[in-house]
Amino acid sequence: MGTTSVRAEEWVPVLPYNPSGLFPTRRPPHPTYREPNPVGGAGVAAGAFGTLAWLVLFGLLGGGLVGYVWWTLFAGALAWLAALALVGYGDRGVAAGIAIVTAGGWSIATAAVVTRWMSSGDWPLW
């Protein structure tokens, strides 16, 4: 029985390429995908402050709790429609600010309704 000689180049196993990033390699880097319209803090802040003013102005139209809640729900729905339009065709940072503040405004209205409901035992919206 004879032994066969194997050259080192033929015996190297092929392993999947998974670089750790710790050491540089000779292979080309992975492609980098960049967001064409990145979300910035200024856009989120602009959407948040604009929506805050929007909800406050509509909330002031209501004479009491019932009016405040219905005007806040209406203004929030309009703000969400604007945010949906901005997500598709505009600045998504502004849309995120609108969504965050609208959710907060609706939460405040919900807390006011629940507080009145718990204290009086009567549902205040109708």
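The crossing of helix 3 and helix 4 is left-handed, a term that applies if the near helix is turned anticlockwise from the far one by less than a right angle. The structure is a predicted model, in which local features need pLDDT of at least 70 and side-chain atom pairs count only at pLDDT 80 or more, while totals for chains, interfaces and linings use all residues. Residues are numbered from 1 along each chain as its sequence is written, and side-chain values use heavy atoms, with hydrogens and water left out.

In the contact of helix 3 with helix 4, 19 residues are nonpolar, four polar and two charged. Nonpolar covers Ala, Val, Leu, Ile, Met, Phe, Trp, Tyr, Cys and Pro, charged covers Asp, Glu, Lys and Arg, and polar covers the others, Gly among them.

The chain holds four helices and zero strands, in the sequence pattern α-α-α-α. Helices (H or I, at least four residues) and strands (E, at least two) are DSSP runs, numbered from the N terminus. Of the 126 residues of the chain, 21% are buried, where buried means under 20% relative accessible area, exposed over 50% and partly exposed in between (1.4 Å probe, protein chains only). The chain has an accessible surface of about 9800 Å², and 68% of that surface belongs to carbon and sulfur atoms. Among contacts (heavy atoms within 4.5 Å) between residues at least 6 apart in sequence, 58% join residues at least 24 apart.

Two residues were examined individually. T51 is located in helix 2 (residues 41-59) and is buried, at a relative accessible area of 4%. Apart from neighbours within four places in sequence, T51 is in contact with A79, I98, V101 and T102.

W106 is located in helix 4 and is partly exposed, with a relative accessible area of 26%. With neighbours within four places in sequence again set aside, the contacts of W106 are T72, L73, G76, A77 and W80. W106 and T72 are 34 residues apart in sequence, and their C-alpha atoms are 7.0 Å apart in space.

Methods:
Accessible areas come from the Shrake-Rupley method with a 1.4 Å probe; for residues, only the protein chains shown count as cover.
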